[in-house]
Amino acid sequence: MNLLRSAIQSNISLRAIKPINGLPLRLRESARRFSTETEQPPPPPPPAADDSSSIDPFLQTPSDGLVYAKLYGCTRNTLKKDIINMLEGCKLTLDDVRVHYTRNFMPLAMLVQFPSRHAFDNAFKMLIKKGRVYRMEKVSRSDWESFVPYHGKTVLLQGIPVNALIDDVERFLAGCEYDSSSLQLIQRPPMKIAMVRFPTQTLAMNAFLTKNRGFCLNSQISVRVLQ
């Protein structure tokens, strides 16, 4: 009797073990859902955080697209027009060029404001191609703004004797039309220098042509127009 009962239970157990196609509907749906979930691609990674705020502002491209550079290799006689002509095609104007003067008003370099990074790159390639002795480097906007443009309307008088007064300089400038309130007499040992502003570039140039190498208290005066 025990043997018969064991045989019946064994037969029932073998009948319950079937392939997965024979599973009840609920188990088959569970298995199918599990298989589908495992085959889905992983979700895309989250976008990278914007770390532009951590970039040095000097290295970022300005929002207005302007790029500033300093051009070395200029001489005392280099004019703004010379730079514009040399960098033809960069769409520069006279207002885009400033002169970096030393304390004694010797031109050390030219500052250039390019309308875009593309214009700056073209100028750089142009200087290399032409084999010029100029050296150009990128500077910040604060460097550009730290130098005051004279726009060819300010005249510099050099070689004024130390004992000269404002009245002596005014007599030297007799016949010239200038802004008398702008006249400055500055100590630059062993001599003095004077700066005076004219209403127009034409009047400033006329003062250069008529007064250069003239005399003030028996000292010969050098006249220059600041750009």
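**The sheet and its surroundings**

Author: In β3, Phe114 is the bridge partner of Val67. This is a predicted model, in which local features need pLDDT of at least 70, side-chain atom pairs count only at pLDDT 80 or more, and totals for chains, interfaces and linings use all residues. Residues are numbered from 1 along each chain as its sequence is written, and side-chain values use heavy atoms, with hydrogens and water left out.

Reader: Over how many bridges do β1 and β3 pair?

Author: Strands here are DSSP runs of E with at least two residues, helices are runs of H or I with at least four, and both are numbered from the N terminus. Two strands count as paired if DSSP finds at least two bridges between them. Strand β1 covers residues 67–72 and strand β3 covers residues 107–114, and their antiparallel pairing runs over 6 bridges.

Reader: Which strands stand at the edges of the sheet?

Author: The sheet is open, with 4 antiparallel strands in the order β2-β3-β1-β4. Two strands have a single partner each, so one side of each is left without a neighbour in the sheet; these edge strands are β2 (97–101) and β4 (135–139).

Reader: Which helix packs on the sheet?

Author: The helix in question touches β1, β3 and β4, where contact means heavy atoms within 4.5 Å, and its direction makes about 160° with that of β4. Such angles run from 0 to 180 degrees between N-to-C directions, with axes fitted to C-alpha atoms, for helices over the stretch in contact. The helix, formed by residues 117–130, is α4.

Reader: Through how many residues does a hairpin join β6 to β7?

Author: Strand β6 (residues 179–188) pairs with β7 in the antiparallel sense over 6 bridges, and Arg188 stands opposite Met191 in β7. The hairpin joins β6 to β7 through 2 residues.

Reader: What is the mean pLDDT of the protein chain?

Author: pLDDT is the predictor's confidence in each residue, from 0 to 100. It stays under 50 over residues 34–38, for which the model has 0 contacts beyond four places in sequence. For the protein chain, 71% of residues reach 70 or more, and the mean pLDDT is 82.
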